[in-house]
Structures are given as structure tokens and as C-alpha cells.
Amino acid sequence: MPELPEVETIKRDLEKILTGAILKKIIPYNLRFLEKNNLSLQEFKSLEGERLNSFLRKGKFLALLFKERALILHLGLTGSLLLNSKNSSPSPHNIFSLIFDQGELLFRDPRKFGKVFLLSMDDLSTFLNHLGVDALELTFEELKKILQGHRGRVKNLLLNQRIIAGLGNIYTDELLFRAKISPFRRGMELSEEEIYRLYQEMQSLLAEAIALRGSSIRDYVDSEGKKGRFQEKHLVYGKSGTPCPICQTILKRTIIAQRGTTYCPNCQK
DNA sequence: TTCAGCCTGTCG
DNA sequence: CGACAGGCTGAA
């Protein structure tokens, strides 16, 4: 669910409320989830009493920066971070709650594909360096270099978080449609003009999606439990079998990078 | 570079 | 009942 625009929306909301807050108590709900993530209860609990200094996002990862350590969260497909949620009745979807002096943050994840881990500041920079450049920070020159250096399909490149961090299946399909580039094309064969189009469309797409607080197809909700609105602007994602909004050709669905991929066989060259 | 696997839910 | 789902990893 959460790709860059959704995580960025959550980050901006949380930092308004929780920056500088003291973490009073951690309530673990799903021990199996923590165990799977190699986070021991003892280590996790050792954060209690610390001040949350700031937030950091890179790609789809969100980091909560405490004194000397960072709590890293990834929302997987269905994770959500809810601030002061009313109905925290026992649910098998609840993973843990962080009780701050300025509010309560609940991490839920029905499918449990999310991640949580605790890193020292040194390990944090190593970890961040393993991710590609954040899609919002990317420059045209960097994108050009990336594409020209890869023979793989452009869709695979855009989805690869070690190359560019932040794009997922929704935004990749929307981006390739807007840039009129076929998902089957290979990075190396794109012209300078096509790369420029891809770059411009990537930046405007992400900016528009953030302005509308992300896309809610199924599960995504922000920290207040509200849906985003960018799904109303989607042009192709999830619309295979319907006419292309530009040329009326029926949109096709295929599998690329093991992901369902929707595109217009006429507009996207 | 493919593919199952991790989980749970929804839709047809 | 099968197909599919905003992600990602590790093994074949």
C-alpha cells in the first residue's frame, strides 16, 4: 500500500504532533511479529524514556530518531500508523503501540509484511546507503545515468529500491503511462527526450500525489485513519480492460517484475 | 531472473 | 472456490 507519497503524508502528520515527545511506554501486541523482525522485547523496551527528536523518510522507510538510535518502520502492503486511534480494541492486526507524552502511535498491519527494527546511528547511515536515491531527491542527470547503465526493463528499474527508492506498483504504472513509455522498454534504449519526460512526470506525479495525501485503493489510511484522494486521479492503475483515457484503446494487463502491470499498448511506446 | 513464500482479506 | 492485492527476500 504505502509508497513514497503515502509514507511522506504520514511522516508530515506525525512530525507535527510527536516531534520532541517523550516515549513513555511501549505496548507490544504481536510478539511473533517482533520476533520475526529480530527485535527482542528487551531491546525494544530500552527505548522507553527517550525523546523522539525527529523523523526521517527514505523511500518507503520511516525512521523515528531518538537520542542515539533510530526505530525504522516499513509498512509493507497493509501497515498503518494511527495517532490516538479511538477504538484500540484488541485486534490481531495490532502490532505495537508507542505511548508518548504527546499522543499514542499504534502500528497495525493485517498482512504482517511490514518491518520494524532498531539501529544505532552508525548502522542507520549504512542502512540508508543500501537504498537508492530517494525519488524526490533524484536529479535528471542521476536518472539519466541510472537508465543508461541498465539493460533491464524500465519498470524493474523503477521498482528496484536499491536503485531508486520510493516508487511502488501504483506509481510506476501511472508514471510510465504519463511519460508515454512502455513498461517493456529497457533502460539503456531510452532517448534523452524520453528520460527527460520520465523525470518531469515522476516529479509532478509524486508532488500531486502528496498534495492529495496519497492513494487509497484498499487499505491505506493516514495517521488519522482517513483515506487519501489521489486514487481519483489514477489513469491506468487497476483499470485494465477499460478504455485508455487518451486514445480509447483498451488498457492491457501483463506481468512485469512479477507484478500486475497495466498500460496502454497504443500511447506507451 | 524467476519463483515460492511470508500473511490476510476481498471480490467474482 | 480461485485470483489477486500499494512489498520484498532468499533460494533454485
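Modeller: Gladly! This is a predicted model. Between domain 1 and domain 2 there are eight residue pairs in polar contact, with both residues at pLDDT 80 or more.

Biologist: Which elements give two or more residues to the side of domain 1 that touches domain 2?

Modeller: They are α1 (4-18), β2 (54-58) and β5 (80-83). Of these, α1 gives the most, with nine residues. By type, the residues on that side of domain 1 divide into seven nonpolar, four polar and seven charged.

Biologist: Why is the pair Asp 134 and Arg 57 called a salt bridge?

Modeller: The name needs a side-chain nitrogen of Lys or Arg within 4 Å of a carboxyl oxygen of Asp or Glu. Here the closest N and O atoms of Arg 57 and Asp 134 are 2.7 Å apart, so the pair meets the cut-off of 4 Å. The count of salt bridges between the two domains is two.

Biologist: And where do domain 1 and domain 2 lie in chain A?

Modeller: The domain assignment gives 4-129 for domain 1 and 134-263 for domain 2. Their centres, taken over C-alpha atoms, are 27 Å apart.

Biologist: How do you know that domain 1 and domain 2 are in contact?

Modeller: Contact asks for heavy atoms within 4.5 Å. By that test, 18 residues of domain 1 are in contact with 21 residues of domain 2. Together the domains bury about 1600 Å² between them, and 62% of that is on carbon and sulfur atoms. Leu 4, Pro 5 and Glu 6 supply 33% of the area that domain 1 buries against domain 2, more than any other three residues.

Biologist: What makes β11 and β12 a pair of strands?

Modeller: Pairing takes at least two bridges, and β11 (residues 252-256) and β12 (residues 259-263) have five, in the antiparallel sense, so they qualify. Within this pair, Arg 253 stands opposite Thr 262 in β12. The hairpin has two residues between the strands, and Ala 257 takes a positive phi near 55° there.

Definitions and conventions: Residues are numbered from 1 along each chain as its sequence is written. Chains are lettered from A and ligands numbered from 1 in the order in which they are written. This is a predicted model: local features need pLDDT of at least 70, side-chain atom pairs count only at pLDDT 80 or more; totals for chains, interfaces and linings use all residues. Side-chain values use heavy atoms; hydrogens and water are left out. Domain bounds come from an automatic or database domain assignment. Buried area is the accessible area (1.4 Å probe) that two parts lose on being put together, summed over both. A polar contact is a pair of N or O atoms within 3.5 Å; within protein, one must be able to donate a hydrogen and the other to accept it, and residues adjacent in sequence count only if both atoms are side-chain atoms. Helices (H or I, at least four residues) and strands (E, at least two) are DSSP runs, numbered from the N terminus. Ala, Val, Leu, Ile, Met, Phe, Trp, Tyr, Cys and Pro count as nonpolar, Asp, Glu, Lys and Arg as charged, and the others, Gly among them, as polar.
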